[in-house]
Amino acid sequence: MSDGLMEDLYREIILDHYRQPRNRHAIESPSCSADGSNPLCGDQVTVSVVVDGDRITEVGFSGQGCSISQASASMMTEYVRGRTVAEARAGVDAFQQMMTTGTVAGLEGFDDIDALVGVAKFPARVKCASLAWKTLEQALNEGVVPVTTPVTTDERNSNG
Amino acid sequence: MTIANPRDTGVQRLPFDLARIRRDFPILKREIAPGVPLVYLDNAATSQKPVQVIAELTRFYRDHNANIHRGVHTLSVESTELYEAARAKVARFINAPKTEEIIFTRNTTESLNLVAHAWARKFLHEGDEVVISEIEHHSNIVPWQMLRDARGIVLRYIPMLPDGTLDLDAARKIIGPRTKLLSITAMSNALGTIVPLEVLVPLAKAQGAVVMVDGAQSVPHLPVDVQALDIDFLAFSAHKMLGPTGIGILWGKMALLDAMDPFLGGGDMILTVSMERSTWADVPAKFEAGTPNVADAIAFGTAIDYLDALGMDAVREHERDITDYALRRLADVPGVSIFGPMDADLRGGVISFELEGVHPHDIGQVLDTHGVAIRTGHHCAQPVMLALNVPATARASFYLYNTTDEVDKLATSLEEVTRFFGGAR
Ligand SMILES: Cc1ncc(COP(=O)(O)O)c(C=O)c1O
């Protein structure tokens, strides 16, 4: 593999998200959350979101894994925060599309994600990059009502 | 200089000449990118193949190819003879008392499953205990979990100590009157730990238990003598010891193999078939249903010739030296921590490590740009990862063709990795 390919994979913006992840924190009373993992390489991520009406007002992640999986998780949270659930789902689809076709997603208003386009050339790493996005989708599929720990109406209101 | 082979005076020993050995492996001349030579350090996953083995595969298909045991024509007779000669080489290599005790399978996994099905399902009953260890490869865990769920046997694990060796005091308590089978690896593929079979086998034998050894990592790298070990079954794979993929071995004591039912039914494994019933062929045919992997079995015989000519003592000595060098060299690389025993006498040529602040996957990716091929992940040994409390490790593993220069290349490349990810969490 040439150095050029290396730079395709480890763009500076990716390393920046890896070193200084955004929204890497727990969410007190999430509307929904999900765990995702790639046991084969040891990537693991938990994604939690707070949904108010149809809008994602808070999002956080935790976990451990390679630079690609963690940077992608950081970017994902920056992308979906403040967007509607429908927009977030569209983002997940656009990201998967980018991983399969190797052409930039052109996700409106967030260029950082395009830096991950190089991952498509490394089949072994696609699942690392996709992990946080799939986990977000899984969280949203669970529905916006918390499924694990029941939350009282008061708590939900105070977080809503 | 030639040294007599203690087992077979017919084999001429060659001196351990590293430069000559490396010339036998064409892939070692490969570049991963222009000017970036391959440094292959993923031998625990699979080994590279010498020209002799590659040539034998071609020669068989070119000159002899026919189905075996079925024809009176010349090619079929020749193919059968070559196939059976390979069986004899395998038998001699592990000092099996009888050539017929060697069964050709696809790999270690199939060999272990063969015993789980054809022996354990027949002879083990609810409440009987199977003892394995915490450092097994998944292929020596999952078949027993399946058997536990199907038959109600009890599965017990000999725990691992923090240094990657087995807790022998615990083993003395776990192996008891209910133990019917001890199925244990001789060498951990995740940590390199050499398991003290000389301690564990007598404990199991004292309870009248059957002993199966997963030799996937030991047979390619250490002298193995099934009679001296006093074991009952041994499983290993050709592809990890210079041979082709698609060939594995199950060795078992004839009395046990005789008493077992077949694994798969079909052609070649029967004596007679009527519309109502069939009778089984003798061992080993009973366990080799259908057309076997003839060409790869024969080429595996050539791989064994290669190892035999060097002598497994010399192979082990080379690997011990290179492992000792690597343990010391890697310990000097800033940020590296090594898992498993630090004494090269207690481990094979497998070194699992982590690099502070860099996930194993990223280590492997950057090393690849330097031509250095290592393995990252859980190495099909998730219980070991759990015990070490890590999601994954990076693993370098050596074979008879690796050099100290290659270890140096690994070490300097790891320093590059740290530089590249410098400032990472
Ligand atoms: C200790 C051990 N057991 C079993 C296996 C399984 O070997 P195979 O994949 O050839 O069946 C391996 C190979 O990875 C191994 O290292």
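Which residues touch the most other members of the largest nonpolar core? That's where I'd like to start today, and bear in mind that this is a predicted model.

So, the answer: A:Ile68, B:Ile374 and B:Leu414, out of 76 residues in that core. You'll notice that those three names come from chains A and B. As for who supplies the core, the largest share is nine residues, and they come from helix 5 of chain A, residues 123-141.

Let's zoom in on B:Leu414. If you ignore its neighbours within four places in sequence, B:Leu414 is in contact with B:Leu330, B:Val333 and B:Val336, with B:Phe353 and B:Leu355, and also with B:Ile363 and B:Leu367. Apart from this core there's another one, made up of 74 residues, including B:Ala96, B:Ile247, B:Ile304 and B:Leu388.

Okay, on to the ligand. There are 13 residues around it, and the ones that come nearest are B:Thr109, B:Asp214, B:Gln217, B:Ser237 and B:Lys240. What sort of residues make up the shell, nonpolar, polar or charged? Ten are polar, two are charged and one is nonpolar.

On the nitrogen side, a ligand nitrogen sits 2.5 Å from a side-chain N or O atom of B:Asp214. On the oxygen side, there's a ligand oxygen 2.6 Å from a polar side-chain atom of B:Ser237. With B:Thr108 it's the backbone instead: one of its polar backbone atoms is 3.3 Å from a ligand oxygen.

And how much of the ligand does the protein bury? Taken alone, the ligand exposes 400 Å², and 87% of that gets buried by the protein.

Note on methods
Residues numbered from 1 in each chain as written. Chains lettered and ligands numbered in written order. Predicted model: local features only at pLDDT ≥ 70, side-chain atom pairs only at ≥ 80, totals over all residues. Heavy atoms only, no water. Near = heavy atom within 4 Å. Polar contact = N/O pair within 3.5 Å; in protein donor to acceptor, adjacent residues only side chain to side chain. Areas by Shrake-Rupley, 256 points an atom, 1.4 Å probe, with all protein chains shown as cover. Nonpolar A, V, L, I, M, F, W, Y, C, P; charged D, E, K, R; others polar. Core = buried A, V, L, I, M, F, W, Y, C linked by side-chain atoms within 4.5 Å. Buried < 20%, exposed > 50% of the residue type's maximum accessible area, 1.4 Å probe, protein only. Helix = DSSP H or I, 4+ residues; strand = E, 2+ residues; numbered from the N terminus. Contact = heavy atoms within 4.5 Å.
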